[in-house]
Amino acid sequence: MTTDLSKEAQEPQDSPGSADSQEAPPAAPAAVTAVDPRLLVREEGFAGYWGEFRRKLRSGELGSLPVVVGLIVIGLVFQLNDSAFLGAENLSNLFVTAAGTGLIAVGIVFVLILGEIDLSVGSVSGLASAVFAVLNINHGMPEWLALVLAILSGAVVGVVHGFFFARIGVPAFVVTLAGLLGWNGLMLQVLGSNGTINLDDSGLVAGLTNHYFSDVAAAYGLATLAVAAFFLTSWRDGRRREAMGVPSRPLSEIVLRTVALAVPAYVVAWLFNQYKGLPLAVVIFLGVVIALDFVLRRTSYGRKVFALGGSVEAARRAGINVSAIRISVFALSGTMAALGGMFLASQINAANQSSGAGSLLMNAIAAAVIGGTSLFGGRGSTWSALLGVLVIQSIASGMALLGIASAVQYMITGAVLLAAVVIDSVSRRTQKTAGRA
């Protein structure tokens, strides 16, 4: 069978003015409509937001939604079983207790974004509290200087971990596992045969978790500052996008989002004032979370950290000093572990042989993961440490109020952690299927 190729090639030229020649060719069935990625919402009105929510749900971009829903469910379940759960005293103590573990989890977030792990943060936090106690109590060093040196000891430990990982090539898991054992042994050596050093109950470290701003204006002022900062930042971002010709959020949406933040902020402020006032620990914790969130999202250093978490080889070819970034991230993790250790020592007003032991390490890692930081690297936020530690501490607090054994608490926390990892895995797989990861 032969084909008249000359005739087929001639047919389009025979009817240049026909209707068929003027119609656009139909799109292929598998073709995807190109959409401007700078669009915040692809359609106007409520239907646009609903459609955008469904699209993100299908593509695995869940963000902080699962953990926020989880917090609401946890609060409702425990409140229905014990009315004291959402009481002012319990919530105030919950926030103060969460600060130490939360600060350690913030450092873990940076390491997880790299796609690595730091198993030594518990031992480093205990070592820092021991260093502070020995310098201040046993040797009479001024408290502020002992506190600075204790936190610096955590940074030095992190640099050592980063050096062996980034320069020598030892896996981070092995380096930090060795650190878990080694720094715990050094802590016992520093504490000496007595094993426990009591801190000054009226000193600087004791005040980290014991000091409250009793003036009602403090809590409401912090809430007002947070709400105003959110509105001004959102409004400024919108103006900048408009100036660049990029679609931006309308003012009505910015106001609505600000109101959504203001309601819980003022409710929490009101609850603080019903007890002892605004805790200093909450102010410091929020300040650290906001500052490091700025570093992660708004600086070239933060972009380099995310770049390494996405692809080390691509980051290296882009000219990023991979070793320096890795060492700095582990130094930051050690610093935050030491700072968190000071808050934990403040809670018991002592440094002892159990400092940094128990479930502290797993709680810190679990908080980062439950809050939304990916175990596979390249995705995370310091706010995830705040949300995750609130979930863990809420479960612990609710269990304690109901008189449930700690064994059950461990099982439930483990189940929540497993659920968070499953959501992370499914989300990542869905994003890859959608071509967004």
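Does Phe 78 count as buried or exposed, and at what relative accessibility? In this predicted model, Phe 78 counts as buried, at 10% relative accessibility.

**View 1. Phe 78 and Phe 85 form a tilted aromatic pair.** A search of the whole structure finds five aromatic pairs, and in this one the rings of Phe 78 and Phe 85 lie 5.3 Å centre to centre, with 40 degrees between the planes. Phe 85 is likewise buried, with a relative accessible area of 3%.

**View 2. Phe 95 and Phe 272 form an edge-to-face aromatic pair.** Their centres are 5.6 Å apart and their planes make an angle of 80 degrees. Because Phe 95 belongs to helix H5 (residues 88-113) and Phe 272 to helix H11, the pair ties together parts that are 177 residues apart in sequence. Phe 272 counts as buried, at 5% relative accessibility.

**View 3. Seven residues make a nonpolar surface patch of about 610 Å², namely Leu 232, Trp 235, Leu 251, Val 255, Val 259, Val 263 and Val 267.** Helix H10 (216-243) and helix H11 (251-274) are the elements that give two or more residues to the patch, and H11 gives the most, with five. Leu 251, which lies in helix H11, is partly exposed, with a relative accessible area of 49%.

**View 4. Helix H12 spans residues 280-298.** Its 19 residues reach 27 Å from the first C-alpha to the last, close to the 27 Å expected at 1.5 Å a residue. The buried residues of H12 include Leu 280, Phe 285, Val 289, Asp 293 and Leu 296.

How values were computed:
Residues are numbered from 1 along each chain as its sequence is written. This is a predicted model: local features need pLDDT of at least 70, side-chain atom pairs count only at pLDDT 80 or more; totals for chains, interfaces and linings use all residues. Side-chain values use heavy atoms; hydrogens and water are left out. Helices (H or I, at least four residues) and strands (E, at least two) are DSSP runs, numbered from the N terminus. The expected span of a helix is 1.5 Å times one less than its number of residues. Buried means under 20% relative accessible area, exposed over 50%, partly exposed in between (1.4 Å probe, protein chains only). Patches are made of residues with over 30% relative accessible area and no salt bridge: like charges are joined within 9 Å, nonpolar side chains (Val, Leu, Ile, Met, Phe, Trp, Tyr) within 5 Å. Accessible areas come from the Shrake-Rupley method with a 1.4 Å probe; for residues, only the protein chains shown count as cover. A salt bridge is a side-chain nitrogen of Lys or Arg within 4 Å of a carboxyl oxygen of Asp or Glu. Rings of Phe, Tyr and Trp (its six-membered ring) pair if their centres lie within 6.5 Å; planes under 30 degrees apart count as stacked, over 60 as edge-to-face and the rest as tilted.
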